[in-house]
Amino acid sequence: MILELGQRVIATRDTGVCDKGERGVVYEVYSREGYGDGDGMGVSVIFEKGRYDGFSPKEAQLMLEPLEEECPFARYYRFENVGRLANDYRKGLFTFR
C-alpha cells in the first residue's frame, strides 16, 4: 500500500493515537532508511481528535485503510515541527471529510 501526502485514511483498529474508524490525513511521507525493518517510506498521520503518529509500511498496512480522498491543505504540507502541526490543526486547516 502506498500512501501519499494529503491522502485521507481510516484507522482499522484502536491504537495509542487513534480509535477504530477515526479518520486521518497523511501530513508527512519520509524515508525509513536505517530503521532496519526493510526500510521503505513511512507516513505520519494526524487524526480527527488531533492525535498524530508515524507508521512504517507494515504498520500502515495493518492499521490504516486508504481513502480515495485528499485534504487540499495537506497535499503540499511541509512538516516542520509538532508545534506548528498542532497550531495548524487548531486552526482547522486539516480537513478529514
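Here are some friendly questions and answers about this predicted model.

Reader: Let's start with the sheet: what is the order of its five strands?
Author: Happy to begin there. The five strands form an open sheet with antiparallel pairing. On average, neighbouring strands are turned by 35° against each other, direction ignored. The order of the strands is S4-S3-S2-S1-S5.

Reader: Which strands stand at the edges of this sheet?
Author: An edge strand has a single partner strand, so one side of it is left without a neighbour in the sheet. That applies to residues 52–55 and to residues 64–70. The edge strands are S4 and S5.

Reader: How many bridges pair S2 with S3?
Author: S2 spans residues 23–31, and S3 spans residues 41–47. Within this pairing, tyrosine 30 stands opposite glycine 42 of S3. The two strands pair in the antiparallel sense, and the number of bridges is seven.

Reader: And on the S4 side, which residue of S4 stands opposite serine 44?
Author: S3 and S4 are antiparallel too, pairing over four bridges. One of the facing pairs there is valine 43 with phenylalanine 55. For serine 44, the residue opposite in S4 is glycine 54.

Reader: Which residue in the turn between S3 and S4 has a positive phi?
Author: The two strands form a hairpin, with four residues between them. The phi in question is about 90°, and the residue is glycine 50.

Reader: Where does helix H2 pack, and what angle does its direction make with that of S3?
Author: H2 covers residues 82–90 and packs on the sheet, where it touches S2, S3 and S4. S3 itself is mostly covered, with six of its seven residues buried. The direction of H2 makes an angle with that of S3 of about 45°.

Reader: Which residue caps the N-terminal end of H2?
Author: Look for a side-chain oxygen that lies 3.1 Å from the backbone nitrogen of glycine 83. Just after the helix, glycine 92 takes a positive phi of about 80°. The capping residue at the N-terminal end is asparagine 81.

Reader: Is arginine 23 buried or exposed?
Author: Arginine 23 is found in S2 and touches, among others, Ile10, Ile46, Leu67 and Phe96. Its side chain also joins that of glutamate 69 through a polar contact of 2.9 Å. The relative accessible area of arginine 23 is 12%, and the cut-off for burial is under 20%, so this arginine is buried.

Reader: Why is the pair of tyrosine 27 and tyrosine 77 edge-to-face?
Author: The ring centres lie 6.4 Å apart and the planes stand at 85°. An angle over 60 degrees counts as edge-to-face. Tyrosine 27 lies in S2 and tyrosine 77 in the loop between S5 and H2, so the pair ties together parts that are 50 residues apart in sequence. The pair is edge-to-face because of its plane angle, 85°.

Reader: Tyrosine 27 also pairs with phenylalanine 79; how far apart are their ring centres?
Author: Their planes are at 50°, so this pair is tilted. Tyrosine 27 is buried at 4% relative accessibility, whereas phenylalanine 79 is partly exposed at 29%. The centres of the two rings are apart by 5.4 Å.

Reader: Which residues form the aromatic cluster?
Author: Two of its members, tyrosine 27 and tyrosine 77, are both buried. Phenylalanine 79 lies in the loop between S5 and H2. The cluster is formed by Tyr27, Phe73, Tyr77, Phe79 and Phe94.

Conventions:
Residues are numbered from 1 along each chain as its sequence is written. This is a predicted model: local features need pLDDT of at least 70, side-chain atom pairs count only at pLDDT 80 or more; totals for chains, interfaces and linings use all residues. Side-chain values use heavy atoms; hydrogens and water are left out. Two strands pair if DSSP finds at least two bridges between them. Axes are lines fitted to C-alpha atoms, for helices over the stretch in contact, and angles run from 0 to 180 degrees between N-to-C directions. Contact means heavy atoms within 4.5 Å. Buried means under 20% relative accessible area, exposed over 50%, partly exposed in between (1.4 Å probe, protein chains only). A polar contact is a pair of N or O atoms within 3.5 Å; within protein, one must be able to donate a hydrogen and the other to accept it, and residues adjacent in sequence count only if both atoms are side-chain atoms. Rings of Phe, Tyr and Trp (its six-membered ring) pair if their centres lie within 6.5 Å; planes under 30 degrees apart count as stacked, over 60 as edge-to-face and the rest as tilted. Lists of a residue's contacts leave out its neighbours within four places in sequence.
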